[in-house]
Amino acid sequence: DIIPQPLLDQYLSMTDPARAQTVDTEIAKHCAYSLPGVALTLGRQNWHCLKDTYETLASDVQWKVRRTLAFSIHELAVILGDQLTAADLVPIFNGFLKDLDEVRIGVLKHLYDFLKLLHADKRREYLYQLQEFVVTDNSRNWRFRYELAEQLILILELYNPNDVYDYLRHIALTLCSDKVSEVRWISFKLVVAILQKFYANSANALGLNFINELIVRFRHCSKWVGRQAFAFICQVGMFSLCFSMCTLN
């Protein structure tokens with residue numbers, strides 16, 4: 001009653017390989033691009049009409065098709081709600097995490113938007129996988145690591161201080177030593193955001209441990225770039241944070 005059945009059938013047939021040969025070689029990509037709009041029109045109660053098509057697109061041999069879905073999976077999650085997202089989108093999301101960098105960047109750019117829609121227990125499972133974003137197919141793809149640092153600043157609010165200390169802290173320190181200055185700069189903001197997270201949640205012991213680690217790793221670094229990183233972290237941080245670091249030294 002929402003969409004005429006012939007029109008819906010025509011849309012669903014866009015994944016047919018024969019259509020790519022006779023109509024348009026990128027017809028599957030166009031289908032993937034339009035899918036969130038079709039899903040919104042049909043409503044979550046009619047998701048079963050699109051589920052098979054979505055799974056077919058998610059396994060398409062063309063990475064451009066999978067990339068298109070990766071960039072919009074967070075929007076589809078909003079449309080479907082938490083139950084359908086956990087059942088039908090999370091497995092595909094997990095597959096995108098292990099895909100080519102051209103596909104992974106799609107989920108990375110909206111990682112916070114997707115994770116915040118998951119239940120806390122399911123969201124916590126991804127703490128173990130965030131480290132994998134540091135490694136890319138091409139090490140010169142520094143914008144990938146830059147995007148990771150930006151997303152982690154947002155993601156901090158989704159996890160408790162202990163999880164941040166045990167998992168996200170290590171990623172932040174790694175990014176602070178990146179070869180590309182742009183990545184290091186955004187990572188300094190991440191470090192300060194982590195410290196603010198600790199003290200805002202009265203996790204003073206974790207904050208103090210992290211400050212001591214920064215001092216050992218950067219303030220007393222044998223290389224000038226490490227000592228410069230410490231100075232920049234202080235510059236980015238609030239005056240009280242800088243004062244705490246200096247007095248500890």
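Helices (H or I, at least four residues) and strands (E, at least two) are DSSP runs, numbered from the N terminus. Read along the sequence, this chain gives the pattern α-α-α-α-α-α-α-α-α-α-α-α-α-α. That is 14 helices and zero strands.

The model is predicted: local features need pLDDT of at least 70, side-chain atom pairs count only at pLDDT 80 or more, and totals for chains, interfaces and linings use all residues. Residues are numbered from 1 along each chain as its sequence is written, and side-chain values use heavy atoms, with hydrogens and water left out.

## Overall build

The C-alpha trace spans about 75 × 35 × 25 Å along its principal axes. The protein chain has 249 residues, and 47% of them are buried. Buried means under 20% relative accessible area, exposed means over 50%, and partly exposed lies in between (1.4 Å probe, protein chains only). Contact means heavy atoms within 4.5 Å. Of the contacts with a separation of 6 or more, 68% come from residues 24 or more positions apart.

## Helix pairs

Two helix pairs are described here. Axes are lines fitted to C-alpha atoms, for helices over the stretch in contact, and angles run from 0 to 180 degrees between N-to-C directions. Angles under 35 degrees count as roughly parallel, over 145 as roughly antiparallel, 65 to 115 as roughly perpendicular and the rest as oblique. A crossing is left-handed if the near helix is turned anticlockwise from the far one by less than a right angle, and right-handed if clockwise.

Take H11 (residues 181-200) and H13 (residues 224-236) to begin. Their axes come within 9 Å and cross at roughly 55 degrees. H11 and H13 are therefore oblique to each other. Their crossing is right-handed. On the H11 side, the contact uses Arg184, Trp185, Phe188, Lys189, Val191 and Val192. H13 meets them with Val225, Ala229, Phe232, Ile233, Gln235 and Val236. By class, this contact of H11 with H13 holds nine nonpolar, one polar and two charged residues. Here Ala, Val, Leu, Ile, Met, Phe, Trp, Tyr, Cys and Pro count as nonpolar, Asp, Glu, Lys and Arg as charged, and the others, Gly among them, as polar.

H9 (residues 142-155) and H10 are the other pair. Their axes come within 11 Å and cross at roughly 140 degrees. That makes H9 oblique to H10. The crossing of H9 and H10 is left-handed. Arg145, Leu148, Ala149 and Leu152 in H9 meet Leu168, Ile171 and Leu175 in H10. The residues of this contact of H9 with H10 divide into six nonpolar, no polar and one charged.

## Salt bridges

The structure holds eight salt bridges. A salt bridge is a side-chain nitrogen of Lys or Arg within 4 Å of a carboxyl oxygen of Asp or Glu. Among them are these:

| Salt bridge | Closest N to O distance |
|---|---|
| Asp88 and Lys51 | 3.4 Å |
| Arg169 and Glu213 | 2.6 Å |

Asp88 pairs with Lys51 in a salt bridge. The pair links distant parts of the chain, with Asp88 in H5 (residues 63-97) and Lys51 in H4 (residues 51-58), 37 residues apart. Asp88 counts as buried at 12% relative accessibility. Lys51 counts as partly exposed at 30%.

Arg104 is buried at 6% relative accessibility. Asp101 is buried too, with a relative accessible area of 6%.

Arg169 forms a salt bridge with Glu213. Arg169 lies in H10 (residues 161-176) and Glu213 in H12 (residues 204-219), so the pair ties together parts that are 44 residues apart in sequence. Arg169 counts as buried at 8% relative accessibility. Glu213 is partly exposed at 23%.

## Two single residues

Thr53 lies in helix H4. Its relative accessible area is 7%, so Thr53 is buried. Leaving aside neighbours within four places in sequence, Thr53 is in contact with Leu12, Thr15 and Cys31.

Ser202 is found in the loop between H11 and H12. Its phi is near 60 degrees, a positive value in a residue other than glycine. Ser202 is exposed, with a relative accessible area of 60%.
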